[in-house]
Amino acid sequence: MEEFSENESWKNWFNRHGPKLLLCARQWTVSMADAEDVVQEAFVRFWRRQRGLAGEPLALLLTSVRRAGLDIARRRMRRAAREAGAMAEEPGPLFERLPEGDDRRAAIESALGRLPPEQREVLALKIWGGLTFAQAADQLGIPPSTAASRYRYALAALRHELTSADCHG
Amino acid sequence: MDDDFRDLEAELGRLRPAAPRRELVSRIERDLAPRRAAPRRWLWVAMPAAAALAAAAVLWVRWEAAPAREAPAARPAATPAMKPVAVRDVLVGSRDEGYVVLADGWPARRLREAHLDTIIWKDPRSAASLQWSVPREEIRIVPVNFQ
């Protein structure tokens, strides 16, 4: 994982890591607005008070993002139960468009959306968050072997989904 | 991880997470902007209190030091058993500042009074005494009944 420089400006750091944070935040929130809120909250807290702490900054930030995401999801669920007719929000793409065409990206996003959340979060932390299995397991409070097996199930399910999509055009 | 998944992992790894919207960056920018120091209104309360405490400390130290220099043999070994023996409140002056209207609409008179509070301590064993006078200003709001 990339080292953190004390003299680096927050904008440079955020430009490099913000997309990963936002993508992971979207695994634990129900809308883009919530994901942005938790990234903002976690990043501002990190930059003001936690960037001098030992450890990997991205892992620390992902922990904050996950906690904030789960908190906000719980609050949203309680509110949604009260306001049953709330309008669904257009979530926006998870990934940037591919130069060779957007169908494949859309198919992958769609397949990701159908994965069980506990598999999707391991996949996001490992591939786009850049964490090891041990770090991802630590984030999620599960044994590393469980993280590894969820990751494997996620890849298998994704491959199955994408192959089916290819077969059916 | 299995070779089976290597291609898929590589494909997923090539996907770049979408960049945050400009609005999110602006929100963080606002949060991280240096804040201007708030006016220190509390100083107006804290400074007189600190001055009063400092004055009390000076008085106490001087009182402690003086008998030791003058009559060290006569001073008891234990800490002085000073006890407050009298408290006096002298009204030095009063000024009527006219009528004011209270929050509930009732008229009232505003009186500004100057007091001199005096506290006297004595040590019954040595007959030493300490007198401390503190000026105090009091503003009294007295509701008025015109009936």
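In which sense do strand E1 and strand E2 of chain B pair, and over how many bridges? In this predicted model, strand E1 (residues 83–101) and strand E2 (residues 107–122) of chain B pair in the antiparallel sense, over 15 bridges. Both strands belong to an open sheet of 3 strands in chain B. Chain B also touches chain A, with 17 residues of chain B in contact with 24 residues of chain A. The points below cover the sheet, the interface, a helix pair within chain A and the confidence of the prediction.

**The sheet of chain B**

- The strand order is E1-E2-E3, and the pairing is antiparallel.
- E1 and E3 of chain B are the edge strands, each with a single partner strand, so one side of each has no neighbour in the sheet.
- From one strand to the next, the twist averages 15 degrees.
- Strands of a sheet pair through backbone hydrogen bonds, in either a parallel or an antiparallel arrangement.

- B:Arg95 has B:Arg112 of E2(B) as its bridge partner.
- B:Tyr99 stands opposite B:Arg109, which also lies in E2(B).
- The two strands form a hairpin with 5 residues between them.
- In the turn of this hairpin, B:Gly105 has a positive phi of about 95 degrees.

**Pairing of E2(B) with E3(B)**

- E2(B) pairs with strand E3 (residues 129–143) of chain B in the antiparallel sense, over 15 bridges.
- Opposite B:Trp121 stands B:Leu130 of E3(B).
- E2(B) and E3(B) likewise form a hairpin, with 6 residues between the strands.
- B:Ala127 in this hairpin takes a positive phi near 65 degrees.

**The side of chain B that touches chain A**

- Helix H1 (6–14) and helix H2 (22–32) of chain B are the elements that give two or more residues to this side.
- H2(B) gives the most, with 6 residues.
- The residues on this side of chain B comprise 12 nonpolar, 1 polar and 4 charged.

**Packing of H2(A) against H2(B)**

- Helix H2 (residues 32–50) of chain A packs with H2(B) at an angle of about 35 degrees, and the axes are 10 Å apart.
- The crossing of H2(A) and H2(B) is right-handed.
- H2(A) contributes A:Glu36, A:Val39, A:Gln40, A:Phe43, A:Val44 and A:Trp47 to the contact.
- From H2(B), the contact takes in B:Leu24, B:Arg27, B:Ile28, B:Asp31 and B:Leu32.
- By class, this contact of H2(A) with H2(B) holds 7 nonpolar, 1 polar and 3 charged residues.

**Packing of H5(A) against H6(A)**

- Within chain A, helix H5 (residues 117–128) and helix H6 (residues 133–140) pack at an angle of about 135 degrees, with their axes 9 Å apart.
- H5(A) is therefore oblique to H6(A).
- H5(A) passes H6(A) in a right-handed crossing.
- A:Glu121, A:Val122, A:Leu125 and A:Lys126 of H5(A) meet A:Phe133, A:Ala136, A:Gln139 and A:Leu140 of H6(A).
- The contact of H5(A) with H6(A) has 5 nonpolar, 1 polar and 2 charged residues.

**Confidence in chain A**

- The pLDDT of chain A averages 84, and 86% of the residues score at least 70.
- Among the elements of chain A, H5(A) has the highest mean pLDDT, at 94.
- Helix H3 (residues 57–82) has the lowest mean among the elements of chain A, at 81.
- Where pLDDT is low, the predicted coordinates should not be read in detail.

Methods. Residues numbered from 1 in each chain as written. Chains lettered and ligands numbered in written order. Predicted model: local features only at pLDDT ≥ 70, side-chain atom pairs only at ≥ 80, totals over all residues. Contact = placed C-beta atoms within 7 Å. Helix = DSSP H or I, 4+ residues; strand = E, 2+ residues; numbered from the N terminus. Nonpolar A, V, L, I, M, F, W, Y, C, P; charged D, E, K, R; others polar. Pairing = 2+ DSSP bridges. Axes fitted to C-alpha atoms, helices over the stretch in contact; angles between N-to-C directions. Left-handed = near helix turned anticlockwise from the far one by under 90°. Parallel < 35°, antiparallel > 145°, perpendicular 65-115°, else oblique. pLDDT = per-residue confidence, 0-100.
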